[in-house]
Structures are given as structure tokens and as C-alpha cells.
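The exercises below ask you to read the architecture of a two-chain model step by step. Keep the sequence and the structure at hand, and try each task before reading its solution.

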Amino acid sequence: MTLPPLAYHALVGFVVLNVVIGMVTYVTLLERKFAARMQSRIGPYYVGPHGLLQPIADAIKLMIKEDVVPTAADRWVYNLAPIVFLVPCVLIFATLPFAPGLGVADLNIGVLFFLAVSSLEIVGLFMGGWGSNNKYALLSAMRAVNQIISYDLPFVFAALVPVVLAGSLQMSVIVEAQRGLWFGAYPVIGWLSFIAFLVATLAAENRVPFDILEAESELVAGFRVEYSGMKFALIQLGEYAHIIGTSFLGALLFLGGWLGPGSDYVLIGAFWFLLKAMLVFLVITWVRWSFVRIRVDQILAISWKLLLPASLVLLLAAAFWVAVRGGHGA
Amino acid sequence: MAPERAGFWTEIPQLTRAIARAMGVTFRNLLRRPITVRYPTVKRVYPDRFRGILALTYDGETGEENCIGCRLCEYICPPQVIKVEMLKAEKRNYAKTFTLELYSCEFCELCVQVCPTDAIIMLKSFDLATADRRELLLDKDRLHALGLQFEPSWATGNRLRDMQAPPKPPKPAAAAAAGAAAPAQSSPDRRAPEPAAEAAPTAPSSPDRRAPEASEGAPTANPE
């Protein structure tokens with residue numbers, strides 16, 4: 001490698017960023033097709049073969065749309081919010097190793113970085129809700145903050161179970177520790193913590209059934225009600241990037257990341273990783289089209305009364321098991 | 001919150017079953033074929049009593065216009081979208097002009113029901129979309145052209161009125177019984193109790209419902 005390290009990382013970062021954005025664009029098509037089949041529909045069909053060019057058409061449409069700023073909006077906050085929202089959502093891909101040695105930066109505190117940065121999106125979300133100067137947007141943003149406070153704890157605790165089992169915060173080490181048995185298939189502790197992780201993921205991404213912040217019947221479209229054109233596109237991009245990033249994290253922590261037949265080759269490993277992440281994403285979509293939205297008090301009850309104690313107990317059980325066995329790894 | 005009083009923990013098995021059921025429903029749908037009919041390219045078979053675009057008809061044998069300009073449809077039209085002018089002639093009358101504002105039509109089929117010569121009918125089509133409202137202001141020529149363009153619906157004025165008449169008595173004994181109820185035939189919109197009612201137990205009380213099985217030419221169940 002003749003490139004200086006900084007340039008090399010910048011190049012890899014640039015490639016990963018564009019791949020992520022392209023993937024996020026196409027994941028919307030995947031979700032729409034999947035949702036359509038669940039409702040016995042076809043979904044996007046006419047733009048390109050079987051609607052394959054639909055995301056591009058949508059992106060172009062959003063780019064050429066008029067950008068409306070409400071008169072009473074706090075212009076600075078309002079214009080800055082989509083960027084503040086998008087940056088953490090894309091930044092979470094920085095520490096993900098897509099295959100052995102393939103990734104921007106395999107930090108030794110990768111999981112911590114991911115959890116910390118992914119929670120930052122709430123700042124941009126609240127800025128958008130506040131800056132829009134719209135009561136629906138503000139209510140939605142307040143609900144989102146409420147929810148993120150409740151669900152970040154179980155999310156983090158559930159994500160820490162594989163960390164304890166593997167004995168490292170570095171993502172590649174966690175993957176390698178699952179060579180014998182995926183943590184998602186780990187008896188009892190792994191199963192339960194995977195379920196807890198999925199539920200907390202739904203809530204942290206504000207997905208159905210925890211999507212009170214964009215409850216159409218009451219809050220129109222949530223905090224992004226005043227956004228239009230490219231700013232709206234940036235927010236959508238950030239949201240889907242967050243979902244995809246968390247799906248990748250779930251696949252990495254619980255489904256063995258790039259491990260699979262032939263994973264010694266980088267590309268095959270990356271393929272397995274992508275496949276597993278899409279599986280997690282499809283489960284999240286499946287949940288979305290199966291349930292109705294639940295009430296605020298129910299959401300909080302599930303978090304504080306069930307998920308948080310359960311994930312704490314799971315974390316303690318994992319620690320106890322590691323101590324009893326006297327070693328890390330599956 | 002009611003679940004708390006019932007016990008948050010005791011409801012968890014029930015909740016788990018509910019989640020499994022809900023996700024099972026969507027999963028079964030996922031394996032099913034989509035039921036979408038790709039409308040502009042594929043058109044589903046419309047039912048025989050479809051109420052679509054209105055049109056005027058020609059006589060099948062002589063090729064003459066059926067409309068005699070009697071203006072019954074104009075009088076009965078609730079949104080008053082039909083305007084007819086009569087043209088007096090020697091053997092029969094004609095419609096001098098016949099205007100139908102389809103954009104205000106409510107597709108109630110009353111004009112079809114009153115038409116004495118089966119001149120105005122409904123078609124099995126709802127291709128109303130247009131970029132110009134004036135294209136839905138139909139005159140006599142365009143109504144005739146539409147009638148040739150699309151498949152007509154089952155209902156015509158005479159067929160609908162036949163539904164109101166009591167079925168023909170099969171035996172002289174029954175004919176005598178039907179003769180007692182003869183005044184009932186003079187009120188076409190209200191069905192009086194009569195002995196032949198057993199023959200068509202599901203007979204409608206209003207002419208715009210579906211045809212009873214006993215009546216001649218009734219549409220059979222549509223085979224999708």
C-alpha cells in the first residue's frame with residue numbers, strides 16, 4: 001500500500017459512504033416490495049423492470065422539488081437539523097467491519113462508538129422538531145426524546161451481552177468469537193438478548209409499533225412535517241441509514257457477522273454479512289406490517305418494566321456464565 | 001392502564017401468542033400470490049349489472065336511433081345532467097339534441113330504468129379520466145359513439161321493468177289466482193304480496209337491486 005494512511009482511510013471512507021447511501025436508497029425499494037407482498041400487492045412495478053429504478057426516480061423527484069421554509073421557522077436550526085440528523089446515522093458505519101480487514105476503522109471500542117454515535121441522531125431530530133415551529137413537529141420531537149431515553153438503556157444492555165461473551169468491544173473480535181456458535185443461537189442468554197435487541201432496535205429507530213413520533217392520525221408526519229425537497233430526502237436517508245446500520249450491528253453481534261461457508265475470501269464474507277443484515281432488516285419490516293401502533297404509556301411500560309430489567313438480568317447472567325466458565329468466546 | 005391492574009407479567013404469554021399470530025398472518029400473505037390486477041393492461045371481468053358510462057343505442061335490426069326524445073330521463077335525473085329536445089316526425093319522434101354532463105352524473109341508473117325504448121344504457125367501463133372537463137360533456141353523437149365502443153351492461157329499461165312484472169303463471173289455476181292480484185301489476189315500484197312470490201323468494205322490492213332468479217335473462221353469477 002503506497003498511499004499514506006490518512007489518504008487510504010479517506011478513500012475507504014468515501015467508498016463506504018457512497019455504498020451506504022446507494023444501499024439505503026435501494027433498501028427503500030426492498031421494504032416497499034416486501035410490504036406490498038405482505039398485503040398481496042405488487043409494489044413499485046413500472047419504473048424500470050419490476051420497479052428497479054423506482055428509488056432513483058424518487059431521489060430525482062425529491063431533488064427537484066421546491067424547498068419550503070416556514071415563515072416562522074427558526075431558519076438556522078431548521079436548515080441545520082437534517083445534516084445534524086444525517087451525520088451520526090452515516091457515521092455509525094465507520095466502525096463496522098464488512099469482512100476481515102474491510103472497513104473504515106476497526107476501533108477497539110467499536111461497539112461503544114456505535115452505540116454512542118447512533119444515539120446522537122436525536123439531537124438533529126429535536127432540532128428539526130423545534131426549528132419547524134410547528135406544534136405537531138414539536139410534540140413528535142418530544143415524544144422521540146422521551147422514547148430514546150427509555151429505550152437506549154435496554155438497547156445498550158442487550159448489545160453488551162455479546163460484548164461480555166466475547167470479552168471485547170472490538171467488532172472483528174466479537175465476530176471471530178462466534179466461530180463456534182453464533183451468539184444469537186447461544187442457549188437462552190443469546191436467544192433472549194437477541195429478542196431484546198430487536199425490540200429495542202425497533203424502538204430506537206422509531207419503527208412500528210413504536211412509531212408514536214410519526215403517528216399519522218395525530219401528528220401528521222411527525223417531526224419532519226415541515227420539511228420538503230432535499231431536506232426531507234436527507235432525513236429519510238438518515239432514518240434508513242440508521243435502520244440499516246443497526247441491522248448490520250445486529251447481524252454482527254448475534255448472527256456471526258461475515259462468518260459462513262467460504263468466508264475466508266473477503267467478498268464472500270461481505271456477502272454473508274450483507275445477507276444477514278438484510279435478514280434482520282426484513283424481520284424489522286415484517287414487524288412493521290404486522291402490528292398496530294401502541295400507546296405512549298404502553299411503550300414506556302414495556303421499556304422500564306420488562307425490557308430494562310430483562311436485559312440487565314441477561315447481562316448479569318452472561319457475566320456470571322463467563323466467570324463460571326472462566327473464559328470468553330462461544 | 002388496564003393491563004397493569006390485570007397484571008403486567010401475567011399477560012405476557014397472551015401477548016406472545018398475539019405477536020405470533022399477527023406475524024403469522026403477514027407471513028402467510030407473503031407466500032401468497034399478489035391479487036393486484038394491473039388495470040390499464042389487464043381489465044377484470046365486470047359484473048353484468050355494472051353501472052358505468054352512459055351511452056345511446058341504435059336499433060339492432062333497422063339501424064335507427066332508439067331514442068324518441070320523450071324526455072323521461074331528463075325528468076327523472078336527480079342531478080339534472082340530461083337535457084333533451086324532441087324532434088317531431090311522422091312515424092316516430094327523435095331526439096333533436098341529447099346532452100349529458102357526465103362529470104356531474106351520479107350513476108344512479110334511473111334514466112336507464114325509465115327509458116321506454118332501451119335507448120340509454122350503461123356500459124361496462126369507467127374510463128372517465130381526462131385532462132379536459134369538456135370531454136365529459138357528451139352530446140348525441142358522442143353518446144352513440146360510446147355505445148359502439150364499449151361493452152353494454154345487462155340492464156336496459158325493458159329488462160328492468162320485466163323484473164317488476166310478476167312471473168307468467170304456468171297453469172290456468174294459478175292464472176286465476178294471479179288474476180286476483182292483478183292490480184298489483186299497475187304499481188311497478190312496489191311489489192304487492194301475491195301467490196307467485198314463492199317462486200322468487202329473494203325478489204327485490206326495488207328495481208335497482210339484482211334480478212331475481214325466476215326472471216328471464218337474469219345475469220348468472222359472474223365467474224370472476
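Predicted model: local features only at pLDDT ≥ 70, side-chain atom pairs only at ≥ 80, totals over all residues.

**Exercise 1: the fold of chain A**

From the N terminus on, the elements of chain A run α-α-α-α-α-α-α-α-α-α-α-α.

*Solution.* The C-alpha trace of chain A can then be described along its principal axes, where it spans about 65 × 50 × 45 Å. Turning to burial, where a residue counts as buried if 20 or more other C-beta atoms lie within 10 Å of its own, buried residues make up 45% of the 330 residues in chain A. Finally, consider the contacts in chain A between residues at least 6 apart in sequence: 79% of them join residues at least 24 apart.

**Exercise 2: the elements and the sheet of chain B**

Work out which pattern chain B follows along the sequence, and then find the order of the strands in its open sheet of three strands.

*Solution.* Chain B has seven helices and five strands, and read along the sequence these follow the pattern α-α-β-α-β-β-α-β-β-α-α-α. Of the 224 residues of chain B, 20% count as buried. The open sheet has the order β2-β3-β5 (chain B), with antiparallel pairing. Its edge strands are β2 (82-87) and β5 (137-138) of chain B, each of which pairs on one side only. Helix α5 (residues 140-149) of chain B packs on this sheet, where it touches β3 and β5 of chain B, and its direction makes about 80° with that of β3(B). To examine one pairing in detail, follow β2(B) and strand β3 (residues 94-101) of chain B, which run antiparallel and are joined by six bridges. Within β3(B), T97(B) is the residue that stands opposite E85(B).

**Exercise 3: where the chains meet**

How many residues does the contact take from chain B and from chain A?

*Solution.* Count each side separately: eleven residues come from chain B and 13 residues from chain A. Then sort the residues on the side of chain B that touches chain A, which divide into seven nonpolar, three polar and one charged.

Key
Residues numbered from 1 in each chain as written. Chains lettered and ligands numbered in written order. Pairing = 2+ DSSP bridges. Helix = DSSP H or I, 4+ residues; strand = E, 2+ residues; numbered from the N terminus. Contact = placed C-beta atoms within 7 Å. Axes fitted to C-alpha atoms, helices over the stretch in contact; angles between N-to-C directions. Buried ≥ 20, exposed ≤ 12 C-beta atoms within 10 Å, placed from the backbone. Nonpolar A, V, L, I, M, F, W, Y, C, P; charged D, E, K, R; others polar.
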